[in-house]
Amino acid sequence: MKKVAVVFVLAVIAPSLVLAWLAVRSLRDQQYALERQRFLLYQGVADGLAKEAAASLTDKEHEFVARVQTMLAAANPRQLATDFDQRLRAAWPMARVGCAATLTGEILSPSPHGPPESRVFLADNAKFLGNRETVEVFWNYGKDDKFANNSTQSFAQNDSSKGPGISPEENGESINNAYAKKLGKVPRNVVPQQQAAAPTKEDILGQQYSKLTSAEAEFRQLIGEETEGTLARFLDNKLNVLCWYRPPRDTNVVFVAQLSLAQIKNQLQSIVTELDPALRPDIAVAVLDDSARPVALSRPEFQANWKRPVVSTEIGEALPHWELAVYLLDPTKLTRSAELLKLTLGLLIALLLLSIGVGSWLIVNDLKRQLALARQKTDFVSNVSHELKTPLTSIRMFAELLAEGRVADPGKRQSYLNIITAESSRLTRLINNVLDFSRMERGEKKYEMRRLDLIALMRETAENYRPHLEAAGFALECEFPQTMLEVTGDHDALAQVTVNLLSNAEKYSGSQKSICLRIEEKAEPLRHVEVQVLDRGPGVPRNCEERIFEKFYRAHDSLSSGIQGSGLGLTLARQIARAHGGEVAYRPREGGGSCFVLRLPLVLSQT
Ligand code: ADP
């Protein structure tokens, strides 16, 4: 049994658990891959929209250059420069202020007596544009892809270009500053949530840095040999975006336009409004300014912790530290689906373990039953051999004595002959039982059913068996009603049931040698007749009341108790009774002993 358990664990339970573990892992990986895919998709959306935003500013620069060129078609640069501010503002609503300056430092427009915004512009920019001071500006270095944006991957890769390494011991605020210094970058206001990614240096520091760098220079140095460009600078923490153009006809004059931030925001609003409709149910997109305040939103009513988008991308040098950020409309959805997955997995594993448990229990039970049956079969063979041998020995012994003529006393001779007859009937009974059992097992047992008088049948059977019982010292009492009770049945089969029950009563009575055969008519639940075989023996042991009807089962072990039997008598009795539409059952007898009952339906016409 132990060996079976070990084999079972090795062959079934262990591989099932390994399989379950592999299934859990692969499901988790799949969930991770799905989430990763989703975040990459959102990152793509943020990058695409940021690129569009940057491209729209390049368009504005080109638009400005085209406007100036149109104006220069009707006037030379010097003439245009004198009233450039008024003319540009009248022609191009995108411009907040127009300015013309020479590289030698002369501001030709706007006039110091112009509208307030022009005067503020002059106060802020005159020195810079006149090359009298160096300022910190962000500009595009004349790159092809002018405002190349810088995405911040949510699934950040290890970016070796980010700058010099930071030793792991370094941490805290001073480290942030040290790192910032090494990178030459400023901390970003917006920190996208890091989803299931390998930690980057920035994660370790708990801070992300802008990939944009500013330059400190005079205007003349910045533009160098270029003919047009865009630059941005912060004045009192307010962003100023300037487009400039140097006509080839007079490269000493530079035309500048300060772009209206309100117009830029409108432009950005129209870009985020174009968010793919398929993504609208899941995400909202916002353009955040340098203080992480939303300036354009794909859903006007949307609110969130603006500094914690799912993914974000910097727009570029034209709008330094402005970012295109993506937010989940329902951030709990991901956790919910992860929890649902966990729950499903848990249930699956529980179900698996349960089925393994139930399966094991069934197998072990079946195994136990098979083992018990095998043992019972072995017992059966030894019991039957023993039962065959005992009567055969006495028959042979008494037959030899008689044959040799060594018994002169006629009384003795008669008693020997009686023993031979009784033992032969015992043998016949046993062989009949075995043969009938095997016929029933094969489904070949045939009954000759006919109407018969049950009382007459019982009387005949009792009288046939009485000499045997009395010879063994038993008193057989018959209690039969006076009426006739008719049943439909096989005469021999019903007699066999009765003899089996009487023979059991004889075998299991012990020293109380009194047996009663009683017939009673019963009205409930349907009219039927009960044949009861009662004895005063010890009765059937508790919890064996039903098992004694199983094939080969013996509650009194024949070898230890010395009572011979095959474990087939009651099995046969019950099968025969059932074939007659009746039953054989056991109940303890009042006052001690057993009461075996054969119930049979009465013939209906019988009243
Ligand atoms: P067996 O050949 O062992 O008698 P049976 O099928 O006739 O086989 O009976 C099954 C078991 O039922 C017996 O082994 C015995 O334990 C129990 N049994 C049968 N009849 C009686 C009875 N009258 N009193 C007590 N136990 C009985």
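# Reading helices, a sheet and ring pairs

User: Which helices do the buried residues of α10 pack against?

Analyst: The buried residues of α10 pack against α9 (332–403), α11 (454–471), α12 (491–507) and α14 (569–579). Buried means under 20% relative accessible area, with exposed over 50% and partly exposed in between (1.4 Å probe, protein chains only); a contact is a pair of heavy atoms within 4.5 Å. Helices (H or I, at least four residues) and strands (E, at least two) are DSSP runs, numbered from the N terminus.

One caution: this is a predicted model, where local features need pLDDT of at least 70 and side-chain atom pairs count only at pLDDT 80 or more, while totals for chains, interfaces and linings use all residues. Residues are numbered from 1 along each chain as its sequence is written, and side-chain values use heavy atoms, leaving out hydrogens and water.

User: Which residues of α10 are buried?

Analyst: An α-helix has 3.6 residues a turn, so residues three or four places apart point the same way. In α10, the buried ones include Y416, I420, E423, L427, L430 and F437.

User: How many residues of α14 are buried?

Analyst: Eight of the eleven, so α14 is largely enclosed by the rest of the structure. Among them are L570, L572, R574 and I576. The buried residues of α14 pack against α10, α12, β18 (583–588) and β19 (594–601). After the helix comes G581, with a positive phi near 75 degrees.

User: R574 again! Where does R574 lie relative to F549?

Analyst: Over the face of F549, at 3.8 Å from the ring centre. A charge sits over a ring if NZ of Lys or CZ of Arg is within 6 Å of the ring centre and within 35 degrees of the ring normal. R233 does this too: its charged end sits over the ring of F128, 5.3 Å from the centre.

User: What order do the strands of the seven-stranded sheet follow?

Analyst: Strands pair if DSSP finds at least two bridges between them. Here the open, antiparallel sheet runs β2-β1-β8-β7-β6-β3-β5. β2 (107–109) and β5 (215–217) are at the edges with a single partner strand each, so one side of each has no neighbour in the sheet. Inside it, eight bridges join β6 (residues 228–235) to β7, running antiparallel, and F234 stands opposite L239 in β7. Helix α4 (residues 116–129) packs on this sheet, touching strands that include β1 (95–102) and β8 (253–259). Its direction makes about 40 degrees with that of β1 (axes are lines fitted to C-alpha atoms, for helices over the stretch in contact; angles run from 0 to 180 degrees between N-to-C directions).

User: How many aromatic pairs are there?

Analyst: Rings of Phe, Tyr and Trp (its six-membered ring) pair if their centres lie within 6.5 Å; planes under 30 degrees apart are stacked, over 60 edge-to-face, the rest tilted. By that rule there are 13. F219 and W244 make an edge-to-face pair, 6.4 Å centre to centre with 85 degrees between the planes. F219 lies in helix α7 (residues 219–223) and W244 in strand β7 (residues 238–245), so the pair ties together parts 25 residues apart in sequence. Both F219 and W244 are buried. F64, F84, W92 and F255 form one aromatic cluster.
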